[in-house]
Amino acid sequence: MGGRRVSRPPVTPFSRLSRQAAFAVLLVAALATGRAVEGLMPAETEASAPFERAGSLGEPVETRWGTVEVTAVQGSTRIVDSLGTGRISAGVYVVVDWTYTAAGEPQIPSYVAIRDGDGRVFRTSSERNPYDSGGEAQPGIPRRLAVAVELPADAVAGAHLVVALPDNDEDHRRDDIAVVDLGLTQDDAGAWAASEEPVEVAGPADGPDAEAP
Amino acid sequence: MTRAGWWRRNRWGLVALPVAAAAALAAASYRVEAQWWLEKPRDLQHATQGEWVTFSSSQYDRTGDVPFSVRVRLDGVRPAEELFGPVSDDYELDPPEGVQAIAVDLELAAPPDVPLTSCDLVVRDTDGVEYDYQIASPSIENQATSPCVPPDARGPELDLIEGLDPDTGPRRPDEWRVSPVVLLPEGVEVAEVVLSWGPPDGLLITVS
């Protein structure tokens with residue numbers, strides 16, 4: 001420190017010990033406070049949370065990696081996938097038709113799931129919850145896609161479609177994800193849980209929807 | 001306490017500060033190479049349409065580094081009429097509405113023992129948006145797996161799997177022409193073609 005000397009009272013062994021003890025107590029208290037604040041506040045999860053780009057049925061949702069638009073939602077206890085395989089659920093199959101348009105370079109979302117009102121997540125896979133992406137989509141060429149997700153009937157009302165680029169949900173941190181409100185109600189859940197009419201899950205196709213108005 | 005005194009007292013700390021900052025940045029950027037530099041071709045050799053250029057780079061396989069040189073000329077980019085080397089003649093080029101198919105006419109030359117099959121072809125529009133050569137997609141049933149070698153005389157493969165002879169098939173000619181097909185949205189104009197046999201090296205050819 002500087003060359004200035006400050007006159008202090010004479011230092012006894014006892015006062016030096018108590019100063020050290022006070023310093024140690026303060027240090028521990030500061031560390032404990034920091035730990036408590038970190039535990040109580042959602043710092044860890046919030047700082048690495050994905051950026052949720054919200055939208056609803058029929059509304060294009062812009063993300064860093066492209067545009068997602070849900071075009072139709074249907075439901076039943078039965079589906080038929082693009083290979084003609086039929087599946088039956090004791091709950092409800094929700095079938096979502098959507099369009100993805102890549103931005104910047106060829107890419108395709110690998111993660112598609114339905115999140116219910118309680119935050120439960122039901123993911124697509126290749127078997128019982130079919131999602132066939134068709135591989136990377138060229139930028140600017142809309143890719144028409146369909147997914148079917150099997151849900152318990154109580155998860156239908158308020159369900160959202162969640163779309164992200166990486167398959168592993170830990171890799172969604174600090175990146176955009178599209179979260180689309182499917183606009184479903186308890187009435188939809190009841191009707192679909194009672195329906196035995198198979199809903200077709202279409203395979204991937206490029207280009208704008210020819211049947212669209 | 002004077003200002004000069006503060007600078008003088010902290011002179012060693014000030015000397016160490018830029019060094020420490022540089023070391024901290026270097027330590028924090030250890031993933032830049034794997035996740036950015038090697039993610040796509042970034043060290044690009046530039047060329048223009050119509051000129052022969054020699055592109056040298058290196059691949060690697062079980063035997064280690066495999067350096068190679070290939071001569072390349074971009075003849076042009078034109079609307080495509082047929083797929084590039086489909087497995088079956090039944091597969092036809094039929095892009096959906098709003099989609100154009102372009103053929104990239106390339107001439108290449110290399111000795112027939114140089115493995116050149118593992119090549120990526122990307123075209124860029126005037127805004128830098130990238131479109132890649134796809135073997136299959138919902139709009140393309142099937143094209144040749146490599147856009148850079150003749151589909152019926154690919155030449156040797158890299159020696160990647162023990163017990164598999166990398167040198168199969170007919171001899172590749174010393175000079176050959178390929179026309180791989182890339183799909184783009186209608187109205188998009190191709191400004192650049194990028195060829196790469198593995199990042200970070202690549203050959204960027206400006207379309208004129």
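Biologist: To start, how many helices and strands does chain A have?

Modeller: This is a predicted model, and in it chain A has three helices and eleven strands. From the N terminus the order is α-α-β-β-β-β-β-β-β-β-β-α-β-β.

Biologist: And what makes up chain B, in helices and strands?

Modeller: Chain B has three helices and ten strands, and along the sequence they follow α-α-α-β-β-β-β-β-β-β-β-β-β.

Biologist: Why is chain B called more spread out than a compact globule?

Modeller: The globule rule gives 17 Å for 208 residues, while the radius of gyration of chain B is 23 Å, well over that value, so chain B counts as more spread out. The C-alpha trace of chain B spans about 90 × 45 × 35 Å along its principal axes.

Biologist: How does the radius of gyration of chain A stand against a compact globule?

Modeller: Chain A has 27 Å, whereas a compact globule of 213 residues would be near 17 Å. Its C-alpha atoms fill a box of roughly 90 × 40 × 25 Å along the principal axes.

Biologist: What share of the contacts in chain A joins residues 24 or more positions apart?

Modeller: Counting contacts with a separation of 6 or more, 72% in chain A are of that kind. For chain B, 70% of the contacts between residues at least 6 apart join residues at least 24 apart.

Biologist: How do you know what size to give an interface?

Modeller: It is often given as the accessible area lost when the parts come together. Here chain B and chain A bury about 1300 Å² between them, with 53% of it on carbon and sulfur atoms. In chain B, B:Glu130, B:Gln134 and B:Pro138 lose the most area to chain A, together 32% of what that side buries.

Biologist: Which numbers of residues take part in the contact?

Modeller: Heavy atoms within 4.5 Å make a contact, and this one takes 18 residues from chain B and 16 residues from chain A.

How values were computed. Residues are numbered from 1 along each chain as its sequence is written. Chains are lettered from A and ligands numbered from 1 in the order in which they are written. This is a predicted model: local features need pLDDT of at least 70, side-chain atom pairs count only at pLDDT 80 or more; totals for chains, interfaces and linings use all residues. Side-chain values use heavy atoms; hydrogens and water are left out. Helices (H or I, at least four residues) and strands (E, at least two) are DSSP runs, numbered from the N terminus. The radius of gyration is taken over C-alpha atoms; the globule rule is 2.2 Å times the number of residues to the power 0.38. Buried area is the accessible area (1.4 Å probe) that two parts lose on being put together, summed over both.
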